[in-house]
Amino acid sequence: MAVDVSRLRRRATPRHGKVRVVRGRKFRPGTLFRWLFILLYLGFLVLPLYWVAITSIKPQEDLLVDPPIWWPSHPTSLHYSTALNAFRGWDGLRNSLIIAFSTTALALLIGTPAAYSMARFRTGGKHLAFWFLSQRIMPPVAIIIPVFLLYARYTEEWFGFSLVDTKVGLILLYTVFALPFTVWMMFAYFRQMPAELEEAALVDGCSRLQALWRIAAPLAAPGLVSAGAFAFILSWTEFLFAQVLSRTNAVTLPVALAGIITGFQGNQYGEASALTMVSLIPALLLGILIQRHLVRGLTLGAVQG
Amino acid sequence: MSDDNTEDLGGIFEKPVGRRDFLFDSAKLMAAAAAAGPFFMAAKQAAAAELASLGGDPIATNAVAAAKKSFSKVKISKIAESGPQALEVKNFSGPLWKKLTGAEVVSVEAPFAQIHSKAIAEHLAKSGALDVIDTSPAWIPEFADRGVIIPVDDLVAKYKAKATFSDLHPLYRLLGKYKGKTWGFFDDGDVWCLYYRKDVFADPKLRKAYKAKFKRDLRVPQGWDEFDETSQFITDQMAPKLYGGGEGRALGNPGNQFYFFQQFRNAGGQFFDPKSMKALINDSHGVKAMTQIMKELKASPPGIEKLDFISSWGVWLNGKTAMIYAWPPTGRISENYSQRDKVFAFLPKSKIVGKVGYALMPGKNGEHAGSFIQCIAADSKNKEAAFLYALWCTSPSVSLQRVMLPYTLRDPYRISHYKSKAYRALWPSAKQYLITLANAANDAVIDMQMIGAADYSNALDRAMTAIYAGKDIKKGLDDAAKEWDSITKKIGVDNQRKAYAEFLKLPGATAANTVSKLGLAVHIT
Amino acid sequence: MDRHIRWLLVSPAVLIIVALTIFPLAFSVWVSFVQFDFSVSEKHPWVGLDNFKQTWQDPVWVHSLVVTAVLATLSVAVELALGFLLALAMLRPFRGRRGLMVLFVIPLFISPVIAGGFFDLFLRRPFGPMNWLLTHLLGHPVTIDFTIDGRWPFFSLILADAWQWTPFVFVILLAGLSAIPDELYEAAEIDGARPRQSFFFVTLPLLTPIILIAVTFRFIDATKLFDIIYSLTRGGPGTETYTSSYYLYQQGFEFFHLGQGTAGAWMFTIMLTFVSFWLIRRLLKPVEE
């Protein structure tokens with residue numbers, strides 16, 4: 001399909017404060033149907049969430065009763081203080097924040113130039129693109145012990161430092177996990193972005209790196225936001241590797257959570273719910289901040305010629 | 001934690017003898033545990049008197065002195081189950097050890113099954129990151145044979161600490177032994193007993209109905225068939241207000257193999273043919289055990305097949321079941337002893353305080369399920385310091401305080417625990433509770449302690465949940481037995497034959513060689 | 001100049017991936033061909049294809065492959081359907097749309113292992129509200145063990161997976177939908193197309209590449225379904241809901257039959273490569289143009 005470049009550029013130029021309003025006579029499902037579906041889906045989405053939220057403030061008397069209690073008569077904040085103070089909640093929260101933000105930054109920092117190069121110069125062609133994507137295929141269990149051995153033993157033997165139980169170790173690993181997606185999304189985004197502006201800058205005496213840094217990257221901001229969001233999500237929710245690669249210093253939220261929800265003599269649902277609610281706060285803030293860019297970033301990136 | 005509970009409770013052991021400093025401080029920490037309940041004053045006085053009569057605890061004080069002298073700068077890391085178990089290290093023994101010796105203890109936390117994985121992974125990496133490993137007895141043969149842990153005999157001799165074993169219940173004294181060596185300090189008496197509602201069994205209406213139906217008096221069941229009959233009777237009469245019994249049966253939580261191991265061996269079964277090493281779990285004993293278990297399910301609250309253990313505890317505490325057979329914390333939570341600590345906020349307050357009786361398991365052979373032994377990691381760079389910490393931690397006086405902490409889920413295991421006046425004063429029937437625990441250990445059967453125990457258990461656990469979901473009993477057990485045979489083949493039939501012979505030496509390996517049958521039973525009064 | 005810089009720009013990403021994965025990959029290839037089983041011995045003699053053979057002979061493994069394929073296909077289908085409908089419903093601006101968007105993406109921020117745990121709590125009989133809700137909605141008592149009875153365990157897993165991942169599909173499809181230029185619809189309308197027709201002849205064809213992106217990423221991830229199994233069904237009842245990843249996790253990591261577990265993982269990788277190659281090839285078509 002033919003894409004009008006000037007139109008694209010108009011969309012690519014950041015416009016603050018306004019959602020791009022879709023006008024015209026697109027296919028529109030009936031209003032009734034639309035609202036019905038949104039409501040239904042909302043129910044499906046919110047019910048389990050509500051249950052987590054309510055579980056987190058239920059006194060233990062109300063937790064495991066039949067019929068289930070929908071609203072506790074004496075809400076308590078006990079689970080929050082216990083989960084945060086006694087069951088590694090604060091540690092997990094702090095570590096997860098550091099790790100998730102660092103991963104996001106690092107993945108964007110090295111993923112974006114790669115994507116740019118692939119989009120503008122066709123570096124590596126489809127082989128490189130395929131190679132990036134193929135990183136996601138292997139089931140993690142195949143490499144989990146080798147990665148542990150690498151981190152706990154061989155980096156020590158070869159280079160004199162150990163990466164196990166360090167935030168850096170997890171950040172590096174998560175960056176590797178996030179890169180395929182970051183690169184792919186930015187790759188798609190840059191391919192849809194007109195090159196004229198950068199070319200103009202090059203003519204004006206900018207270097208290629210400056211053109212990337214000053215012209216292309218700001219134009220790609222929505223794409224960066226959505227690619228970054230997915231990197232953040234990945235490192236915010238990853239469990240298996242964090243469990244295996246942490247001891248005391250790099251315990252993340254999912255690890256702390258799994259520790260109290262898969263206990264041998266039982267599960268601490270109140271505490272787990274409380275910690276889950278806590279883990280949603282940064283996510284919600286982030287969601288509110290970026291939601292407008294999330295879709296717009298994908299909008300351009302995902303368009304195929 | 002519960003700072004608000006600590007004031008004016010500082011002197012639980014007000015007149016300590018021996019090393020005043022350590023006892024006094026530990027008392028402070030303990031005060032966090034034992035908040036002011038109606039029986040607290042009695043406990044306080046009893047504890048003081050008791051320690052006076054013991055003349056201190058040389059094992060603990062010597063360990064502290066040695067550690068203070070040589071290892072005051074050594075940081076020890078201990079891996080423990082995440083949640084309340086690890087909290088003990090963080091809140092009690094860790095800070096106390098630091099106070100006494102200057103050395104730090106950090107706890108690495110992992111869910112139960114992952115303690116096993118993590119210990120092995122760290123061993124493969126030769127990282128030396130773990131010093132003390134909370135090891136389930138089932139893993140000892142594997143950890144010992146593969147060099148994950150070291151025997152403690154030499155260090156015990158060096159520090160003249162042999163006395164620490166003599167006070168253990170005979171069952172637990174022998175559990176840490178493998179191939180003639182001792183591999184750690186036993187630390188959690190996880191024996192199952194039957195807990196029942198005294199008020200239900202005394203209910204005149206129920207008793208009358210029972211007598212009319214069975215021509216005999218209603219009593220706490222003595223055997224499994226009677227148990228099934230009684231629990232079904234109660235369910236028929238009272239459901240949905242009250243059910244006869246109910247244990248968590250979710251796959252892997254806590255693991256159905258425990259139920260099978262218990263009833264299978266009570267029925268007279270044994271895991272393997274010692275000669276051919278063919279699995280015998282699908283023989284007539286196995287079918288009988290499994291048939292009984294299915295009857296138990298029928299008498300349980302609906303949905304029990306998917307309940308984890310905490311949930312079945314919740315059902316029990318809400319007064320919805322008349323009997324439960326389970327781990328020792330059941331006794332403490334029933335009396336609201338554990339729930340007095342804020343950290344223990346995952347169980348409801350008990351609605352059955354004062355109504356709970358303790359009995360041996362039907363057929364007497366209760367499973368000793370799970371449990372922990374504190375072992376020293378072979379790759380540890382601070383083996384001696386780790387040893388001293390573990391020795392101190394499990395010494396009579398310190399372990400008493402640890403098993404009395406409301407939140408830890410550590411259960412009594414020493415003769416002196418069972419006799420402890422302080423413990424007996426925690427709630428009115430605590431004495432009976434302790435005596436029952438000791439008696440239960442006399443007749444207990446133990447988990448499989450062989451390499452591959454986790455594989456065998458998992459195969460059985462899966463087979464049992466398949467049977468719960470409708471698979472034929474015999475077919476399910478046959479399939480599990482087939483799986484067992486292939487696990488045995490994989491690990492090596494000869495290896496496993498030797499390992500099984502080694503296992504059979506342990507008391508409680510079968511119903512025929514429990515502590516009682518070996519003539520070693522202790523009788524606490 | 002550009003010739004050098006193009007590789008310079010790509011190199012950090014390539015290098016970090018290579019640096020962190022080359023050893024683990026090489027190690028795991030080696031492990032698949034030696035005896036590496038903590039329950040057997042510490043020595044690692046060469047065993048050729050034994051690990052592959054042993055894994056292949058385990059009926060649970062074969063069963064897990066089928067379960068994986070079925071679960072992955074069904075959950076992706078459900079997510080695609082829900083995500084697509086939701087994207088259509090959310091396409092046009094309306095009051096409250098922004099707030100809804102934030103709500104809709106929340107599940108993505110919850111660790112799957114936790115989401116599984118909460119579905120367990122939510123569906124559990126008798127304490128969870130699901131049976132209660134159904135009972136009151138349908139007006140007659142409903143007592144289903146959602147993780148045990150019949151096919152319900154699969155339903156529960158798909159439900160949890162869809163809850164978690166529909167937002168992912170939704171966001172991508174919404175992006176795709178809103179990028180379709182209005183002119184095309186206008187042109188279609190001038191040609192006399194009805195809304196339904198323009199949906200089938202304009203929307204769908206233009207959206208196909210985006211649908212492929214969503215499906216490819218989701219499908220690859222869905223075949224590795226582990227976390228939700230771990231906390232919701234643990235593969236049960238029996239071995240009913242064992243997925244390959246859960247099986248491999250247990251064999252390789254929990255029981256430390258590392259040789260076998262890794263060999264299985266490689267077999268799985270090869271199979272998945274074929275499937276995803278087919279998908280990715282379609283995805284990469286525009287690059288080849």
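## Exercises on a three-chain predicted model

Cys193(B) touches Tyr325(B), Tyr358(B), Ala359(B), Leu360(B), Met361(B), Gly366(B), Thr436(B), Leu437(B) and Ala440(B), leaving aside residues up to four places away in sequence. Touching, or contact, means that two C-beta atoms, placed from the backbone, lie within 7 Å.

This is a predicted model, where local features need pLDDT of at least 70, side-chain atom pairs count only at pLDDT 80 or more, and totals for chains, interfaces and linings use all residues. Residues are numbered from 1 along each chain as its sequence is written, while chains are lettered from A and ligands numbered from 1 in the order in which they are written.

**Exercise 1. Describe how H7(A) packs against H10(A).**

Step 1. Take the geometry. The axes of H7(A) and H10(A) (residues 221-237) come within 9 Å and cross at roughly 160 degrees. Axes are lines fitted to C-alpha atoms, for helices over the stretch in contact; angles run from 0 to 180 degrees between N-to-C directions.

Step 2. Classify. H7(A) and H10(A) are therefore roughly antiparallel. Angles under 35 degrees count as roughly parallel, over 145 as roughly antiparallel, 65 to 115 as roughly perpendicular and the rest as oblique.

Step 3. Sort the contact residues. Ala, Val, Leu, Ile, Met, Phe, Trp, Tyr, Cys and Pro count as nonpolar, Asp, Glu, Lys and Arg as charged, and the others, Gly among them, as polar.

**Exercise 2. Is Phe168(C) buried or exposed?**

Step 1. Locate Phe168(C). Its place is in H7(C), residues 152-178.

Step 2. Count. Phe168(C) has 20 C-beta neighbours inside 10 Å, so it counts as buried.

Step 3. List its partners. Phe168(C) touches Leu108(C) and Arg218(C), not counting residues up to four places away in sequence. The C-alpha atom of Phe104(C), 64 residues away along the chain, is 9.5 Å from that of Phe168(C).

Step 4. H5(C) (residues 112-123) packs on H7(C) at about 130 degrees, with the axes 10 Å apart. That makes H5(C) oblique to H7(C).

**Exercise 3. Which helix of chain B gives the most to the side that touches chain C?**

Step 1. Count the residues. Chain B puts in 25 residues and chain C 21.

Step 2. Name the helices. H5(B) (112-124) and H22(B) (453-468) each supply at least two residues of the chain B side. H22(B) gives the most, with seven residues.

Step 3. Sort by class. The chain B side has eleven nonpolar, seven polar and seven charged residues.

**Exercise 4. Describe the contact of chain C with chain A.**

Step 1. Count. The contact takes 95 residues from chain C and 90 from chain A.

Step 2. Name the main helix. H1(C) (residues 2-33) gives the most to the chain C side, with 17 residues.

Step 3. Sort by class. The chain C side divides into 68 nonpolar, 17 polar and ten charged residues.

Terms used:
Helices (H or I, at least four residues) and strands (E, at least two) are DSSP runs, numbered from the N terminus. A residue is buried if 20 or more other C-beta atoms lie within 10 Å of its own, exposed if 12 or fewer, and partly exposed in between; C-beta atoms are placed from the backbone.
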